[in-house]
Amino acid sequence: MKKNRLEVKCVGIVLGVAFAVGLMLAGSAWAQESVAVRAMLVKTVPDDPTAAGWSGAIPATFPLSPQVHWPARILEVTAQNVTARGLSDGKQVAIMLEYDDPTEDPDDAVAVEFMVGDKRAHFAHGQPMAQMEGGPVNIWFWKNKDAKAIDMNARGFGTLKVQDQQDLKGKGVYQNGKWKVVFSRAVATGDANDTQFKPGEFINIAFAVWDGKKDPASGDLKEKGSQKAVSSWWYFRVEPQPDYSSYFYALLAIGLAAGFEFVVIRKLRKGPSA
Amino acid sequence: MKGGIHLKPALLMVGLYLFLKFGMPLFTAPLPASLIMLYLMLTFSGIMIFMTLSGTSMESFLGPIFRFISGDGQESTMKTARLAVLALFPLLVGWQTYTSTASSTVPPAENRTVHPAPPGEFAVMSNPVPNTPENVMTGKGLYAAYCSPCHGQFDGKGPASKGFNPPPANFKDPTTIAMLQESYLFWRIKKGGVGLSVEGMPWKSAMPRWEFELKDEQIWKIILGEYDGAGQKPRTWE
């Protein structure tokens, strides 16, 4: 009878521990959400939006808002979300943006923004901040009618400057009401005006989308200049080469824990109080 | 009751974990894993001290555990339970080692101070606009034109809000304008996101710098309209 009760208790403890472990694991899984674009490692980096290689990239979707920080602002935008994917071979990196747009227009455009240097920059074009000195931003811009990507810098609205050294490639494809635009560049360019990617390191990234639809009556573009859809700062990184050392450490830890158990059991069986 | 000598501490530990992990976030911000671990360790130490106060209580608490681990004279069900525990422990240690050494695929955490201290000149201000029905109404009109696209019906859920991180403030939430003075709102509206101090992460806020587009008097009126519309009262010092 007594033994049975002990059994029940021990099984209860085992179940309790298993439940607690399960909760911890579930808790860490729930914490995952789409906050970062990770450029996954591949053999060759595609510079075409329709390339099969993109199936290996992990999509990350970010909400967009109208740019309200600075006039001329806008209060409604066409693109509500942008989905970003990244691929890299360690030397080249490509970022693909995908979003819904009901019409293909010559002035449709997209941009990707990064901070440059060691100072933090405001997400709206690196606007000057009152209580800290901000850094510039590096902007990659692609417009449908230009059919090319432009490498630019800014430090506040109205300071946009096209770089002397152009390191970017860009290509867009419009299909079934969706734009897919790929920017590609070397991971490291040696240009101080460019964001340099260090594999494994998260940096900030932001997105902008312009619907270049023309009003048939006035000829005005629906979105242009500071009137655009924007995202906040999110994260981007080029994935590092795989590192298997944690598997080794885990195996070592398992061995040590098993050894510890062995010693304890032996001690308990031999010891006077066992 | 003798049967509860292990069950009660085990239930206490599991119950405490569930409360800290899932109960506390209902009242406050989620606790970091390290703090939860600290509380669990303290509770565990307390249990151990309590159970080992005398030789008898120590034997009745630790004796069955030691006999369970050593496996002396166990029957088949107990043997299975013992093997399961002995196998689970190294696997848990291995898993913990893997997760703490594996390179993270999650961006580093950012600690943003939601309401950093305003510059000195703003801390001493008081609203020069009298709180009259006309001024409140004017303020609400200005709010509708300039603030509601992002801050919505005082709930932070305006049509232009969804892309912004941090999201626009929800004025109906008791932890926003209800715990701030009017001078604080004046500073935040006038200088915008870029006016925040470093700990407020000014580089992330989309709040416009309204001093370029609104007069001070209009901002004070917006503040009156904002408190009225959100059903809140500004904090005072008395």
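**Figure 1. Gly86(A) meets Ile95(A) across a pair of strands.** In this predicted model, the residue of β5(A) that bridges to Gly86(A) is Ile95(A). Next along the pairing, Ala84(A) sits opposite Leu97(A) of β5(A). Overall, β4(A) and strand β5 (residues 92–100) of chain A run antiparallel and are joined by six bridges. Three residues lie between the two strands in this hairpin, and Gly90(A) has a positive phi there, near 95°.

**Figure 2. β4(A) and its other strand partners.** Strand β4 (residues 81–88) of chain A is mostly covered, with six of its eight residues buried. Which way does β1(A) run relative to β4(A), parallel or antiparallel? The two are parallel, with three bridges between them, and Met40(A) stands opposite Leu87(A) of β4(A). Strand β2 (residues 60–63) of chain A pairs with β4(A) in the antiparallel sense, through four bridges. Look for Phe62(A) here: its bridge partner in β4(A) is Val82(A).

Figure 3. Nine bridges tie β5(A) to strand β11 (residues 178–186) of chain A, and the pair is antiparallel. Leu97(A) has Val181(A) as its bridge partner in β11(A).

**Figure 4. Leu97(A) and the largest nonpolar core.** Zoom in on Leu97(A): leaving aside residues up to four places away in sequence, it touches Val82(A), Ala84(A), Val110(A), Val181(A) and Phe207(A). Leu97(A) is also one of the residues with the most contacts inside the largest nonpolar core, which has 87 residues. In soluble globular proteins, nonpolar side chains tend to be buried together.

**Figure 5. Where chain A touches chain B.** Here 63 residues of chain A are in contact with 53 residues of chain B. On the chain A side, the elements giving two or more residues are α1 (2–30), β1 (36–41), β3 (65–66) and α2 (245–270). The largest share, 15 residues, comes from α1(A). By residue type, this side of chain A splits into 41 nonpolar, 13 polar and nine charged. As for confidence, the predictor gives the complex an ipTM of 0.80 and a pTM of 0.79.

Figure 6. Mean pLDDT for chain A is 90, and 87% of its residues reach 70 or more. Residues 27–32 of chain A are another story: pLDDT is below 50 there, and beyond near neighbours in sequence the stretch has one contact in the model. Chain B averages a pLDDT of 92, with 97% of the residues at 70 or above.

Figure 7. In chain A, the bond from Pro71(A) to Ala72(A) is cis, with omega near 0°. Ala72(A) belongs to the loop between β3 and β4 of chain A. In chain B, the cis bond joins Asn165(B) and Pro166(B), with omega about 5°. Pro166(B) is in the loop between α6 (133–151) and α7 (182–191) of chain B.

Figure 8. Asn176(A) isn't a glycine, but its phi is positive, near 50°. You'll find Asn176(A) in the loop between β10 (169–175) and β11 of chain A. Is Asn176(A) buried or exposed? With 5 other C-beta atoms within 10 Å, Asn176(A) is exposed. Met201(B) also has a positive phi, near 50°, and lies in the loop between α7 and α8 of chain B. Met201(B) has 20 C-beta neighbours inside 10 Å, so it counts as buried; the cut-off for buried is 20 or more.

**Figure 9. The two domains of chain B.** The domain assignment gives chain B a domain 1 (4–101) and a domain 2 (120–230). Taken over C-alpha atoms, the centres of domain 1 and domain 2 of chain B are 50 Å apart.

Notes. Residues numbered from 1 in each chain as written. Chains lettered and ligands numbered in written order. Predicted model: local features only at pLDDT ≥ 70, side-chain atom pairs only at ≥ 80, totals over all residues. Contact = placed C-beta atoms within 7 Å. Nonpolar A, V, L, I, M, F, W, Y, C, P; charged D, E, K, R; others polar. Domains from an automatic or database assignment. pLDDT = per-residue confidence, 0-100. Core = buried A, V, L, I, M, F, W, Y, C linked by C-beta atoms within 7 Å. Buried ≥ 20, exposed ≤ 12 C-beta atoms within 10 Å, placed from the backbone. Pairing = 2+ DSSP bridges.
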